[in-house]
Amino acid sequence: MTSLLNPEKEVKGNAIQLQVLVMNEACGPDVSNVITAASTAIRDVNGRLGPAYSLQLIVKNLSELVSRKEKVNSLLRGLNQMSKGVAVLAPGCTEETDLIATIGPLFNASVITYGFSILGSNAWYPHYFSMLPSENRLGQGFAGLIRHFGWKRIVIISQEDGQFPLIATSIIKALGNVEISTVYITTNTDLSKLNFILQDFRIFVINANASTTRTLLCRAQQGNFLYPSYVWIVHAWNTSEITATGADCSSYEMAEIFEGAIGISHYPSVTQTAFNNLPSITEDTVPLYDAIQVIESALNWTSKQLQNNTNSTKQITFFDTFNAGIERTNIRGMTGNISFDDGSLKVDKINVVQYRKGLIVQDVGYIALNNELTYIAPKNITLWPNGTPQDGTPVVIEKYPLLPLMVILYIFATAGIAFTVACLVFSFVFRHKKLIQLTSPTLNYIIGLGAITFYISVYFFFYPEIPKSTLIVFCSVRSWLSTLAFTLTFVTVNLKMWRIYYIFHNPELSQQRRKSMNDWILVAIIAVCVVVDLVVETVVASISSARYTVVTQEAMEYPKTIDEHGITVQFIATTCTSSSEPYWLSILFGYKVLVQVTGVILAFKIRTVQIKDLNDTKETSAIIYITSLLLAIVIIVTLTLGDYQDIDGSAYGFGICTSTTLVIAFTFVPKMIGLYRDPNGDKIFDGVRNGENKNEVSIEAAPVIAALEKRVNELQLQLEGLERSATV
């Protein structure tokens, strides 16, 4: 509805009769309802209006006219009929409103619109007022609803003319980080060919007039884009407008597509009491009734201002005063308090309705226009009985290591720690026994410590749900533990084999040099290797590109699926990595491979040293061969199946637990058996004394043999001297 006020009416003598031209258009309420509401409002206003003015009603129906030319001509004829006209009232949803708002100031007129106008902004028409909220407020209403339900992906289908682009901009601005795909349509757009259904989107906002909205919804119904898989949010036009049936779709089809749809209402709420007091007013003509009350308020204020100005030297015009009176409006209407903010109705909330079961419109609360744009719903209202519809964002489910696997590995690692501790206790308790002393107990303690470190590292590869900050700590700790454990275990094993190899393949070594190769020398070498490990890990941790960061990647064990609503369900796994990880992993694996290869070579070299119970040659060789195979398997799995969380973790966990258990078993169990059979170590060298194993050499026999060989050489020299003397 628009109101055109004729200025400069002299206020003298009897009350001046001001005529009101009521216009109706196809997009507006039924013409009979418009006439009834306007007549009722003018009757009530005339009963309260001050003595200076009274209002008279003139009706002009534009709904039957088709062309713009016919409508403009009819509008101008209606204006000419108003010899003392004050207002033109019309729905305001066609270009005629733009015409009135444009030419109004030329005739010293103010404009009030009660319908949803196609005008771009009140700021473009300084004498234009709307009985509806501003574009910004309407956009915030849409945004508040979307925010409340947590939707992160939406499509906005918007007309590209009038207020609609401003509303779309307001929605986008209020939503911030929501992924929005905007489709603009014009009067030339062929809606039958519009491809507005974008992949994976489920929430659609139609920001368009009633007829366009109806056409789009019919297309959606034909494509089976229905609730609960899809949600449509529209402007809450009059139900008769937006649900009118025609060539597009039947009443049944309209009811089907509207089921569950949400409407953002332009109109403030009207209490039942207000309707009871004015039974002739329909819901869609309430703003018309209130608009005429605004005219009444502005006229009363204008009358007072003109009377107070009679003795002033400064002349004020009717037009300027009346326009100021509208701006100052602050009255109680059917919809509550009525005042204007930048030419639009000032509101503190936007009402929300939902279409249900056969196009029944139900009030479902409102959006409070505060900073949070809070959605307030009545306690007895449930918008989505089956749960909030999804917005098309793939459902992301974070997967953690399988609980049965994690439990098995934890039990395995815990049992391994207990077994290792038992072996260390055994070695310590019987450390004075000859058999234990001959197998380097100090080095065995170090191997046991490395084994326990290996077992502990398993806990940091398989873990339940933990914060991301804790995950980074886990990744760092397991890297340190793995490196130290490998050095403590396998470097020590290799050093034991190297000592055996060095002694037994260099029989000419002096007794002093053999004694110099005691355990503490080897411990010092191990300590140096540990320090090198710590330095390397510290340097790596200090390089920003080498530091661990948390990354989320697809859980390869669980392929993507589609749920019953057509939403992609994606499984992810959270892990940690660094940009330089491939480089230092290559160095780390290369170092481990080198140690293992060295161990394999040493094991091969000392394979003939088989003095039972004297050394760990057989067992150590088995350790190196088996763990080398396991290490190769772990490396292959890590490089080829590293993206498979359960497989990668299982390969590492079971590989570490198995190899570590074998190391401890081969290191300590034979000693337990040997100690049980020969508590005092009396039978350690029985094989050597009895001439068995002729190709074998013991650590204790080597010095004796060397001394005997030396004595034989001396005796041979003496014999040769005696022979020469006898000859002479």
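Author: Helices and strands here are DSSP runs numbered from the N terminus, a helix (H or I) having at least four residues and a strand (E) at least two. The model is predicted, so local features need pLDDT of at least 70 and side-chain atom pairs count only at pLDDT 80 or more, while totals for chains, interfaces and linings use all residues. Residues are numbered from 1 along each chain as its sequence is written, and side-chain values use heavy atoms, with hydrogens and water left out.

The part to start with is Val429, which belongs to helix H12 (residues 403-429). Its relative accessible area is 48%, so Val429 is partly exposed; buried means under 20%, exposed over 50%, and partly exposed in between, with a 1.4 Å probe and protein chains only.

A salt bridge is a Lys or Arg side-chain nitrogen within 4 Å of a carboxyl oxygen of Asp or Glu. The whole structure has three. In one, Glu296 meets Arg48 with N to O at 2.9 Å. This pair links distant parts of the chain, with Glu296 in helix H10 (residues 286-308) and Arg48 in helix H1 (residues 31-48), 248 residues apart. Glu296 is buried at 9%, while Arg48 is partly exposed at 42%. Another bridge joins Glu179 to Arg153, with 3.0 Å between the closest N and O atoms. Glu179 is in strand E7 (residues 179-185) and Arg153 in strand E6 (residues 153-159), so this bridge ties together parts 26 residues apart in sequence. Here Arg153 is buried, at 10% relative accessibility, and Glu179 is partly exposed, at 40%. Asp44 and Arg43 form a bridge with closest N and O atoms 3.1 Å apart; Asp44 is buried at 15% and Arg43 exposed at 54%.

Next comes the interior. A nonpolar core is a set of buried Ala, Val, Leu, Ile, Met, Phe, Trp, Tyr and Cys residues joined through side-chain atoms within 4.5 Å. The largest has 68 residues, of which Leu145, Trp151, Ile233 and Leu299 touch the most other members. H10 gives the largest share, 10 residues. A separate second core of 30 residues includes Met406, Tyr455, Val663 and Ile664.

Contact means heavy atoms within 4.5 Å. Beyond four places in sequence, Leu145 contacts Trp151, Ile233, Ile262, Ile264, Val352, Ile367 and Tyr375. Gln140 sits in helix H4 (residues 135-148) and is buried, at 17%.

Asp348 lies in the loop between strand E14 (344-345) and strand E15 (349-356). At 59%, Asp348 is exposed. Leaving aside neighbours within four places, Asp348 contacts Ile367, Ala368 and Leu369. From Asp348 to Ala368 is 20 residues in sequence and 6.2 Å in space, C-alpha to C-alpha.
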